Amino acid sequence: TSSGSGSGAKVLKVGSSIDFAPFEFQDESQKDYQGFDMDLIRAIAKEMGYEVDIQNLGFDGLIPALQGKNIDVIISGMTINDERKQNVLFSDPYYQSGLTMVVRSDEKAITKFSDLKGKKVAVQIGTTSEAEVKKIEGVEVKVLNTPADCFMELKAGGVDAVVNDRPVNDYFITKNGAQGVKALEEKLTAEDYGIAIGKDNKELQEKVNAALKKLKENGEYDKIFAKWFGE
Ligand code: ARG
């Protein structure tokens, strides 16, 4: 980890793909990045005695940025999986997620994942959605930069479905009041989010886990959770 200039405060350089409400997004009315992940990493850093410097990077550029030591950690709704574990360390899981599908409201032919054969599906680049949908035989996969691009493509008729993380799909439809689309119930996967840390930075991993544990014990985690997900 790097040290800050002047004041001597330690700075935690955080990478995130700010395109994933309610985990990380930017509101027109506020210049600070907002969301569950943003509140959580600020609380973790504070607990560790660090200040945060959050960099907005494309989702597929996050692990390379961590490997290149341009950032110290990634918090970006990132799913813990074995493939990524070859390149990064993960914190303990901090959120249970999974993949669901969004289709147009008038869609009749697609009610479950097995209906996707012969259909066009949009996914965000570098995500578990991209990997999982590519495993389904006979699907034409359109890989786009952000979930917002995927939803736009769906509304424009360029694809028949979007596969993306359930809480993000739900937030897009209920909180953002997206018109003309609906989320389907079926879950393709169950996934846990973790904070990614440089492969050689076991010490930072331990600090992050200790801070996360503390926040779970002292009720701070629950407060942040309730703020974004209610209850
Ligand atoms: N959970 C999925 C994954 O790890 C998607 C995460 C996308 N995050 C984002 N900020 N766009 O691949």
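Which residues line the largest cavity?

**View 1. The lining of the largest cavity.** In this predicted model, the largest cavity is lined by Phe20, Phe59, Ser76, Gly77, Met78, Thr79, Arg84, Gln124, Thr127, Thr128, Asn164 and Asp165. Sorted by type, that lining comes out as three nonpolar, seven polar and two charged residues. The space inside is about 70 Å³, and the count of cavities of 30 Å³ or more is one.

**View 2. Where the cavity sits between the domains.** Domain 1 (2–94 + 194–229) and domain 2 (97–190) both give residues to the lining of the largest cavity, so the cavity lies between them. The ligand sits in this largest cavity. Its shell, too, takes at least three residues from each of domain 1 and domain 2.

**View 3. The shell around the ligand.** Here we have 15 residues surrounding the ligand, and the closest are Asp19, Gly77, Arg84, Thr128 and Asp165.

View 4. A ligand nitrogen is 2.7 Å from an N or O atom in the side chain of Asp19, and a ligand nitrogen is 2.6 Å from an N or O atom in the side chain of Asp165. As for cover, the protein takes care of 100% of the 350 Å² of accessible area that the ligand has on its own.

Terms used. Residues numbered from 1 in each chain as written. Predicted model: local features only at pLDDT ≥ 70, side-chain atom pairs only at ≥ 80, totals over all residues. Heavy atoms only, no water. Near = heavy atom within 4 Å. Polar contact = N/O pair within 3.5 Å; in protein donor to acceptor, adjacent residues only side chain to side chain. Areas by Shrake-Rupley, 256 points an atom, 1.4 Å probe, with all protein chains shown as cover. 1 Å grid on protein atoms, 1.4 Å probe; cavity = no way out; pocket = protein on both sides within 12 Å on 5 of 7 lines; lining within 4 Å. Sits in = over half its atoms within 2 Å of the grid points. Domains from an automatic or database assignment. Points joined across faces, edges and corners; volume = space filled by probe spheres on them. Nonpolar A, V, L, I, M, F, W, Y, C, P; charged D, E, K, R; others polar.
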